[in-house]
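Subject: Structure handover and findings

Hello,

Please find the structure below.

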2 protein chains.
Amino acid sequence: MGLNLEWLRTFKAIYEQGTLTGAAQELFISQPGVSLHLNSLEAYTGYKLFDRSAKKLVPTERGKVIYNFIEEPLGKLESAEQLFHKSTKTERATISIGMCFETFQYTLEKYIATLPFNIIIKFGDYPQMIHDLDKGLLDLIITPQKGDQTNLEFKPFSKERIVLVAGGKTDTQPLKALLKKKDYSGAENWLKEQLWYSTAADTEHLKRFWQLNFRRHLDFKPNYIVPNMSSIVRCLSGETGFSVVPDFLCAEEIEAGGMQLVWEGQSIIENTLYFGTRKKTMYADEISRIQEIFRQMMHPLTHGS
Amino acid sequence: MGLNLEWLRTFKAIYEQGTLTGAAQELFISQPGVSLHLNSLEAYTGYKLFDRSAKKLVPTERGKVIYNFIEEPLGKLESAEQLFHKSTKTERATISIGMCFETFQYTLEKYIATLPFNIIIKFGDYPQMIHDLDKGLLDLIITPQKGDQTNLEFKPFSKERIVLVAGGKTDTQPLKALLKKKDYSGAENWLKEQLWYSTAADTEHLKRFWQLNFRRHLDFKPNYIVPNMSSIVRCLSGETGFSVVPDFLCAEEIEAGGMQLVWEGQSIIENTLYFGTRKKTMYADEISRIQEIFRQMMHPLTHGS
DNA sequence: GATCAATTATCATTATTATGATACAAAGGT
DNA sequence: ACCTTTGTATCATAATAATGATAATTGATC
């Protein structure tokens, strides 16, 4: 009645083998069976898919079109077969992790080659990630937002502060004097005159910082727009300029003196970061290993002090 | 015995519907049939794929993994169904064309939206294109090379000359004087001192031009390496500098005075361009239409004059 | 041009798969 | 607590598909 997917598989084998007999051997079915499948498919489509020359079957135009259409997805489907027999053996697992690009670059990137399993990193927005986690598309997410699905689990593991930083050569004395006097309006005006770095996609941090500390909308544009936050760190290190970034991204750089932490703001902006997982997962070991790396890189911050 | 693709299709329907009954309705088969398929798949894989809670089937971990693996290719395969009933109706055809990037940009790009059928352009090397044409992956190729497959057809339709051009402001008098005296060695030395443009991928034209006209290997590097030949034309237009390019790419620009054709060389370098098609094709009309555009854009050159 | 080798088509038989009818189970409403 | 609704599992039977044996076809070879 309808289209049978087995017909397509047989069709592909015939196309690639050039004969019914060959296809039959490849598929471990009988030659009449192959013939039958092909007839069914041709009857269903209403077109002859091969020209029967005695020694081999030559695909017709329409046969070629169909082959090119089904070849790739069919191959992928057939490879699903491995997927079943896999994880019982000592094959490498593949786990999918969602997080923001900067987090990946700062934490996981350098370790990725050392892990004894395959990893797929996906970037995207957090609600989408939570949804994908629930559906099994992702196995682990790093997120500042929690979801409410009952079969998901969100464990806090670190905090990030959104702070004002500057390049190592930047003269921050005037600002610090103003802040000491609690002259926030003066600080705001002084800061507006400085060199600012931001990312193309995300000026949220800066906007939020400005709003919360100066109670005003951000009314100037950053001087340098760079591709991502790691670029900001590289640009600022040992140079002059300001930016608003999550603290962990430049912890090392500040330690080394290339950058300076200037101000945490009047009221501190702090996000809790969670590991999101499904409660039931077949990749518990792999996930722990990843989590361990995150715990080390984004060390249990003693911010609360 | 083996994995039956119909099981996967049924599995997908169960996953999406959440019940066997729903899946059965979606697939227009009986509910016991769906049950049977699922049992077979579970027996084959060796894992339970759904937890049977009374009102609905909840996918297990492994069920999720499998679903995410098969969802996309299965969807694509099922959409092949349309493909059969299509071209009899008034659906838009899709034809695939292979050519080099520059040719596409110069000729077809501006017309592509006006065509009443879908187009896929593929770039690549010519032997590969010829192979893909034979296999039905491409329906038309624009190539300076012919193949020898018996079911392919190569019709010449235009010629391209590889010529020396310069920006409109470039002072070419010294060169023209030297060429008039047939002082090729002098011309070569003069040219080496000029500003040169070339593409990243392809310095073949320049090398070949140099070799044929000065009988020497190219022993200097172009000053500007740009992404493609159209960039060369844009860079040179109304400016100074030299390049070696196929003539048709800058015919308009030369007409308008933005560039000048400086020298065609001692012995003219000319490639014949062919339309390559399969002798049997279901897209004869569409192909003619494309060919007409090419014939107009790369007008039957009266080079021979 | 007769024979050989290789392949496809046909067909009666066998094996597999799908179906309808129905029993069974669980949740929701009254 | 009972009934209704919704859904799954089971089973004998009907429908379908696969198989082996074999005939028919074609190109190649001598």
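Two strands count as paired if DSSP finds at least two bridges between them. Helices (H or I, at least four residues) and strands (E, at least two) are DSSP runs, numbered from the N terminus. This is a predicted model, in which local features need pLDDT of at least 70 and side-chain atom pairs count only at pLDDT 80 or more, while totals for chains, interfaces and linings use all residues. Residues are numbered from 1 along each chain as its sequence is written, chains are lettered from A and ligands numbered from 1 in the order in which they are written, and side-chain values use heavy atoms, with hydrogens and water left out.

Chain A overall

Chain A contains 13 helices and 11 strands. Its radius of gyration is 29 Å, whereas a compact globule of 305 residues would have one near 19 Å. That radius is taken over C-alpha atoms, and the globule rule is 2.2 Å times the number of residues to the power 0.38. Along the principal axes, the C-alpha atoms of chain A fill a box of roughly 95 × 40 × 35 Å.

Of the 305 residues in chain A, 49% are buried; buried means under 20% relative accessible area, exposed over 50%, and partly exposed in between (1.4 Å probe, protein chains only). The accessible surface of chain A is about 15,200 Å², and carbon and sulfur atoms provide 51% of it. Accessible areas come from the Shrake-Rupley method with a 1.4 Å probe, and for residues only the protein chains shown count as cover. Among the contacts in chain A with a separation of 6 or more, 70% are between residues 24 or more positions apart; a contact means heavy atoms within 4.5 Å.

- Strand 11 (residues 269-278) of chain A runs antiparallel to strand 6 of chain A and is joined to it by 10 bridges. Here A:Phe154 has A:Gly276 as its bridge partner.
- Strand 9 (residues 242-246) of chain A is also antiparallel to strand 6 of chain A, with 5 bridges. A:Val165 stands opposite A:Ser243 in this pairing.
- Strand 10 (residues 259-263) of chain A pairs with strand 6 of chain A in the antiparallel sense over 4 bridges. There, A:Gly167 is opposite A:Met259.

Strands 1 and 2

Strand 1 (residues 50-53) of chain A and strand 2 of chain A run antiparallel and are joined by 4 bridges. A:Asp51 has A:Val58 of strand 2 as its bridge partner. In a regular strand the side chains alternate between the two faces of the sheet. Strand 2 (residues 56-59) of chain A has A:Leu57 and A:Pro59 on a covered face, with A:Lys56 and A:Val58 on an uncovered one.

Salt bridges

Over all chains there are 22 salt bridges, each being a side-chain nitrogen of Lys or Arg within 4 Å of a carboxyl oxygen of Asp or Glu. One of them joins A:Glu264 to A:Arg161, with the closest N and O atoms 2.6 Å apart. This pair links distant parts of the chain, since A:Glu264 is in the loop between strand 10 and strand 11 of chain A and A:Arg161 is in strand 6 of chain A, 103 residues apart. A:Arg161 also forms a salt bridge with A:Glu270, at 2.8 Å between the closest N and O atoms. A:Glu270 lies in strand 11 of chain A and A:Arg161 in strand 6 of chain A, so this pair ties together parts that are 109 residues apart in sequence. A:Arg161 is buried, at 7% relative accessible area, while A:Glu264 is partly exposed at 24% and A:Glu270 is partly exposed at 31%.

In chain B, B:Asp51 and B:Lys48 form a salt bridge with their closest N and O atoms 2.6 Å apart.

The two chains

Two copies of a chain are related by a rotation about an axis and a shift along it.

A:Leu83, in helix 5 (residues 80-86) of chain A, touches B:Val65, B:Ile66 and B:Phe69, not counting residues up to four places away in sequence. A:Leu83 counts as buried because its relative accessibility is 17%.

Regards
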